[in-house]
Amino acid sequence: MGTFGKTSPGYLSRGEYDAEVGLPRVLDLLSQHRIRGNFFTPGHTMATFNRAFETVLEAGHEVSAHGCWHEPIMTLDRDAERRLLEAQIAQHERFAGCRPSGYRSPAWDFTDATLSLLEEFEFEWDSSLMGRDFEPYHPRPISVGYEEGSHFGAPSPVLEFPVSWYLDDWPAVEHVPGVSTGFEDPRATLHRWKAHVDFAYQRVDNPLVSLTVHPQSIGRPHNFLMFEEFLDYVAGLEGVWFTNLSALLPHWSAPTATGTSDAGATA
């Protein structure tokens, strides 16, 4: 279901694999590395796989907003988007025991209303946009102009922790017929992720590398072994800090309007 609108038993069984097989593997691996990251969890997932969700809370990970039912954000009008944002906040309060501090769009995209709604509901940060690679920043609303150029509005008080499809396991490794091929060699994924870390580590002051993985994808044996090797590699770099995104807020400062900065887990 969710973004792709699929409800067949075969497709839904992938969600069952996520909660029952992939998640325990990922939680165990993160525990071995003493990593506490972010789990961006739709409210529907909290309600459907409640015991599995509780293991995430018990492990001390931060749970962040990721839609009510992984809805396709770009199809919503402002009223529908507001209603579903209110619903997922209520789901967090019910199942996680608190309001979420951060948000990630299920579509990794915004409507024209999303940023103002995040401000209205007092989210501290978002992690859906791609305006930087290794530095948090304050996103600005954009009025698109084709012949005269586009116009940027004032920076939002919401802090953006940028994402990248290149640092997401799903497009590379998850096969969904008619949606994504996902048969990339895990070694190619490992090479790409390590290249991002190496660039950030060697060339960027105080970088943020935000990696995104899905238990139903990264939990598959061939991908899991690659992920394990990647975490071992990053953990071997001196001075690297694995943390959740809310923990970074006190360590960030913005000397300019666009902002500069001091992953799954974040390194």
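Predicted model: local features only at pLDDT ≥ 70, side-chain atom pairs only at ≥ 80, totals over all residues.
As background, side chains of opposite charge can pair when their charged atoms come close.

The pair I would like to show you to begin with is Glu-174 and Arg-14, whose side chains meet in a salt bridge at 2.3 Å, N to O. Glu-174 sits in the loop between α6, residues 169-173, and α7, residues 186-203, while Arg-14 belongs to helix α1, so this pair ties together parts of the chain that are 160 residues apart in sequence. Are these two side chains buried or exposed? Glu-174 counts as buried because its relative accessibility is 5%, and Arg-14, with a relative accessible area of 17%, is buried as well, given that the cut-off for buried is under 20%.

Please turn now to Glu-229 and Arg-187, which form a salt bridge whose closest N and O atoms are 2.8 Å apart. This pair, too, links distant parts of the chain, with Glu-229 in helix α9, residues 221-235, and Arg-187 in helix α7, 42 residues apart. Here both partners are partly exposed, Glu-229 having a relative accessible area of 32% and Arg-187 one of 48%.

Another salt bridge joins the side chains of Arg-99 and Glu-93, at 4.0 Å, N to O, and since the definition asks for a nitrogen within 4 Å of a carboxyl oxygen, I would read this pair with that cut-off in mind. Arg-99 counts as partly exposed at 42% relative accessibility, and so does Glu-93 at 40%. Beyond such pairs, Arg-51, Glu-54 and Glu-58 are linked in a network of salt bridges.

Let me move on to helix packing. The axes of helix α1, residues 9-32, and helix α3, residues 50-58, come within 10 Å and cross at roughly 10°, and because angles under 35 degrees count as roughly parallel, that is how we describe α1 and α3. Which residues make the contact? On the α1 side they are Ala-19, Leu-23 and Leu-27, and on the α3 side Ala-52, Thr-55 and Val-56.

Finally, the surface: Ile-142, Val-144, Tyr-146 and Phe-152 make a nonpolar patch of about 490 Å². Of these residues, Ile-142 lies in strand β5, residues 142-143, and Ile-142 is partly exposed, with a relative accessible area of 46%.

Conventions: Residues numbered from 1 in each chain as written. Heavy atoms only, no water. Patch = residues over 30% accessible without salt bridge, like charges linked within 9 Å, V, L, I, M, F, W, Y side chains within 5 Å. Areas by Shrake-Rupley, 256 points an atom, 1.4 Å probe, with all protein chains shown as cover. Helix = DSSP H or I, 4+ residues; strand = E, 2+ residues; numbered from the N terminus. Buried < 20%, exposed > 50% of the residue type's maximum accessible area, 1.4 Å probe, protein only. Axes fitted to C-alpha atoms, helices over the stretch in contact; angles between N-to-C directions. Parallel < 35°, antiparallel > 145°, perpendicular 65-115°, else oblique. Contact = heavy atoms within 4.5 Å.
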